[in-house]
Amino acid sequence: MIEIHNLDLRNKTILEVGTGRGGTTLELIELLKKFPSAKLITSDIIDVKEELMQFCQGFMNVQNRITFIQSDATDLNSIPNESIDIIIVNYTLCAINSIIGKLTMAINRFFHLLKPGGILLIEEEYPIESAKTENQCIWADKWRMLKTALISSGNLPFNEIHPDQLTQILSLLNFIEIEKEDGLNMLHHSEILPLFEYQISGSISSNGDSYLEKGLLKWAGKIKKKIEKLEFMEIPYYRLSAKKT
Ligand SMILES: C[S@@+](CC[C@H](N)C(=O)[O-])C[C@H]1O[C@@H](n2cnc3c(N)ncnc32)[C@H](O)[C@@H]1O
């Protein structure tokens, strides 16, 4: 399994798709410090440039090697084909996959952006129906509640993809040497509850249907209590690496 932390990033250009709140970007910035000739382009469908620049202020020696591009993952048209050595897409394919067909289009775009021999690295949560233990079922319940809230307010919910299907799509689009690794993320309630509150506030909209809103808030309250009781939420995730021919 190819791991970015083991790669020689000398003179490499890395593209991150889905900057979000910068969890992975921060890890990539740490790598840029070790490789002064490496460059990072980070991109998101929404404009997070200002937050990113604030974020980078403490990293003066890498700031001029980081560029932000606001783009849909299926476009990224300002980047020339065959110009990227490594593409990193963490916890973003599930968001792209909220619109049917876009996931395949995005992976096809990644293929064209990569240089021959370039590498695609993906990290995603498993689809929620794969929850097995009690600590995983509460993770699945959390997503069921958030997805219901998003759908009922007219928004598009995340749609996780199983690694078996993703592997087939990668293979159909001519990626080779596809490897997978599973992992379990154990999150303490002190970490997960503030994130859950943030997600609830972004998902439950005041759409005037107070009956529905009350029901969703009651469901969220039950989930919060269960998370506190169990102490830890268990999140099954996977990593995939693939190479362009
Ligand atoms: C969960 S966040 C990413 C988390 C981040 N990669 C990390 O590791 O912390 C998902 C991101 O995908 C972005 N997104 C959703 N649809 C997209 C699309 N079609 N193209 C590019 N980015 C998209 C969202 O704006 C959001 O910032």
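Helices (H or I, at least four residues) and strands (E, at least two) are DSSP runs, numbered from the N terminus. Residues are numbered from 1 along each chain as its sequence is written. The model is predicted: local features need pLDDT of at least 70 and side-chain atom pairs count only at pLDDT 80 or more, while totals for chains, interfaces and linings use all residues.

**Whole chain**

Start with the protein chain. It has nine helices and seven strands. Its C-alpha trace spans about 55 × 40 × 35 Å along the principal axes.

Color by burial next. A residue is buried if 20 or more other C-beta atoms lie within 10 Å of its own, exposed if 12 or fewer, and partly exposed in between, with C-beta atoms placed from the backbone. Buried residues make up 31% of the 245 residues.

Now turn to contacts, meaning pairs whose C-beta atoms, placed from the backbone, lie within 7 Å. Of the contacts with a separation of 6 or more, 83% join residues 24 or more positions apart.

**Residues 10-147**

Select 10-147. UniProt lists this range for "domain: Methyltransferase" in an unreviewed entry; such annotations may be inferred rather than shown by experiment, and the positions follow the numbering used here, with feature names shortened. The range is 39% helix and 25% strand. Its end C-alpha atoms are 42 Å apart.

**Ligand shell**

Select the ligand and the residues around it. A residue is near if its C-beta atom, placed from the backbone, lies within 6 Å. There are 17 such residues, and Gly20, Gly23, Thr24, Ala73 and Ala95 come nearest. Helices α1 (23-34) and α4 (93-96) each supply at least two residues of this shell.

By type, the shell holds seven nonpolar, six polar and four charged residues. Here Ala, Val, Leu, Ile, Met, Phe, Trp, Tyr, Cys and Pro count as nonpolar, Asp, Glu, Lys and Arg as charged, and the others, Gly among them, as polar.

Select β4, residues 84-90. Six of its seven residues are buried, so the strand is largely enclosed by the rest of the structure.

Glutamate 16 stands opposite isoleucine 88.

Look at two positions here: isoleucine 84 faces leucine 114, and isoleucine 88 stands opposite leucine 121.

Follow β5 to β7 (residues 232-244). Seven bridges join these two strands, which run antiparallel. Glutamate 125 stands opposite tyrosine 237 in β7.

**Loop stops**

Go to the loop between β3 (66-70) and β4, and select aspartate 75. This residue has 14 C-beta neighbours inside 10 Å, so it counts as partly exposed. Aspartate 75 and methionine 105 are 30 residues apart in sequence and 9.0 Å apart in space, C-alpha to C-alpha.

Glutamate 82 is in the loop between β3 and β4. Its phi is near 55 degrees, a positive value in a residue other than glycine. With 12 C-beta neighbours inside 10 Å, glutamate 82 counts as exposed.

Finish at glutamate 231, in the loop between α9 (210-230) and β7. Its phi is positive, about 70 degrees, although glutamate 231 is not a glycine. Glutamate 231 is exposed, with 12 other C-beta atoms within 10 Å.

Methods: Pairing = 2+ DSSP bridges. Contact = placed C-beta atoms within 7 Å.
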